[in-house]
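Dear colleague,

Here is the structure I promised to pass on to you, and below it I have set out what turned up when I went through it. Please read the notes with the structure open beside them.

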Amino acid sequence: MPGLSRLAILDDYQGVALTRGPWDRLPEALTIEVFRDTVTDMEALVARLLPFDAILIMRERTPFPRALLERLPNLRLLVTTGARNRSVDLEAAAERGVMVCGTPSFGHPTVDLTWGLILSLMRRIPEQQASLRAGGWQIAPGGSIGSTLEGKVLGVMGLGNLGSRVAKVGQAFGMEVIAWSQNLTAEKAAAAGARLVEKQRLMEEADVVSLHLILSERSRGIVGTEELGRMKRSAFIVNTSRGPLIEQEALVAALTEGRIAGAGIDVFDREPLPPGHPLLAAPNTVLTPHLGYVTEENYAQYFLGAVEAVEAFLAGRPIRELRTG
């Protein structure tokens, strides 16, 4: 199998990709170029990527739909961090002879971040820290002095691998856990220590709603005006899954009008989040820049896996190939 000549690493926001993987294992003839920004304009993106026969993409930061793949005739290998990537058109890639491979990854760091957001909201940690650094002491922003988790109700939407882990942490805090998703059964909920309820009841009863659903046409906008309107005024919502699960305008309105107590958001409808995005000005929020998978441990897995994928491709024995179906 002919060798590869140029590898592009996309969307390396922090500029750390080359320090987190054994890139020196790859042939010296393979030129590696790193791009730290995200290009959304199709023409500019095609112009940037056209010379490369191998590309490493970070999760779903830059989608690879059919329209893009069809304009990259030199591309032979596309590696995505993680074991799947719904923003890559695998059928179009296969038709064009582009090998798509994944890497190992950990899901549990998202659980850590979920609870970081919940605790920050419940105990008003960001506001208290900012006040303390400015010379204040035990402020009560908006009249709130924070709440404990014990005895509260945690509502988990999506009780898969991550949702189940979040549920178990909630139990450790002494919370009652309720759960809902389209296909969830009472038996599966009970196995995770949760009680299955209808969606509207989850929104009404939960003191904290945490989303752990896969984004699809069925789940897009699954929390909108109606669902937010059912929440207690004292309740919080946390999203570390995908931004479009929550209707943005409805969330901003609920926050601005004080119809819910607050929101912890790690994922957005547009990423990177552009200046002036409505959520940036929304009150009672803790916002993080899609950090769910951003840890030293995950990056080590990602970039080691990427090197392994290139090596395997060059040896004619591809690994972790992603296929349709």
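Leaving out its neighbours within four places in sequence, Ser87 is in contact with Arg59, Glu60, Thr62, Pro63, Phe64 and Pro65. Please keep in mind, here and throughout, that this is a predicted model. Ser87 sits in the loop that runs between strand E4 (77-80) and helix H3 (90-95), and its relative accessibility of 16% falls under the 20% limit, so Ser87 counts as buried. The side chain of Ser87 also makes a polar contact of 2.6 Å with the side chain of Asn85.

Asp266 counts as buried because its relative accessibility is 0%. Not counting residues up to four places away in sequence, Asp266 touches Leu113, Leu117, Asn239, Thr240, Glu271, Thr288, Pro289, His290, Leu291 and Gly292. Between the C-alpha atoms of Asp266 and Ile246, which are 20 residues apart along the chain, the separation is 12 Å.

Ile246 and Asn239 come up again in the cavities. The count comes to four cavities of 30 Å³ or more, and the largest cavity holds about 90 Å³ of space. Its lining is made up of Asn239, Gly243, Ile246, Gln248, Leu251, Ile265, Val267, Phe268, Asp269, His277 and Leu279. Sorted by class, the residues lining the largest cavity are six nonpolar, four polar and one charged.

Lastly, there is helix H1, which covers residues 42-49 and in which Leu45, Val46 and Leu49 are buried. Seen down the axis of H1, these buried residues fall within an arc of 100 degrees, so they line one face of the helix. As background, an α-helix has 3.6 residues a turn, so residues three or four places apart point the same way. The cover over the buried residues of H1 includes strand E3 (54-57) and helix H2 (66-69). At the start of H1, a side-chain oxygen of Asp41 comes to within 3.3 Å of the backbone nitrogen of Glu43.

With best wishes

Conventions: Residues are numbered from 1 along each chain as its sequence is written. This is a predicted model: local features need pLDDT of at least 70, side-chain atom pairs count only at pLDDT 80 or more; totals for chains, interfaces and linings use all residues. Side-chain values use heavy atoms; hydrogens and water are left out. On a 1 Å grid over the protein atoms alone, a cavity is a set of points where a 1.4 Å probe fits but cannot get out, and a pocket is an open set with protein on both sides within 12 Å along at least five of seven lines; lining residues have an atom within 4 Å of a point. Grid points are joined across faces, edges and corners, and a volume is the space filled by probe spheres set on the points. Ala, Val, Leu, Ile, Met, Phe, Trp, Tyr, Cys and Pro count as nonpolar, Asp, Glu, Lys and Arg as charged, and the others, Gly among them, as polar. Buried means under 20% relative accessible area, exposed over 50%, partly exposed in between (1.4 Å probe, protein chains only). Contact means heavy atoms within 4.5 Å. Helices (H or I, at least four residues) and strands (E, at least two) are DSSP runs, numbered from the N terminus. The arc is that of the directions from the helix axis to the C-beta atoms. A polar contact is a pair of N or O atoms within 3.5 Å; within protein, one must be able to donate a hydrogen and the other to accept it, and residues adjacent in sequence count only if both atoms are side-chain atoms.
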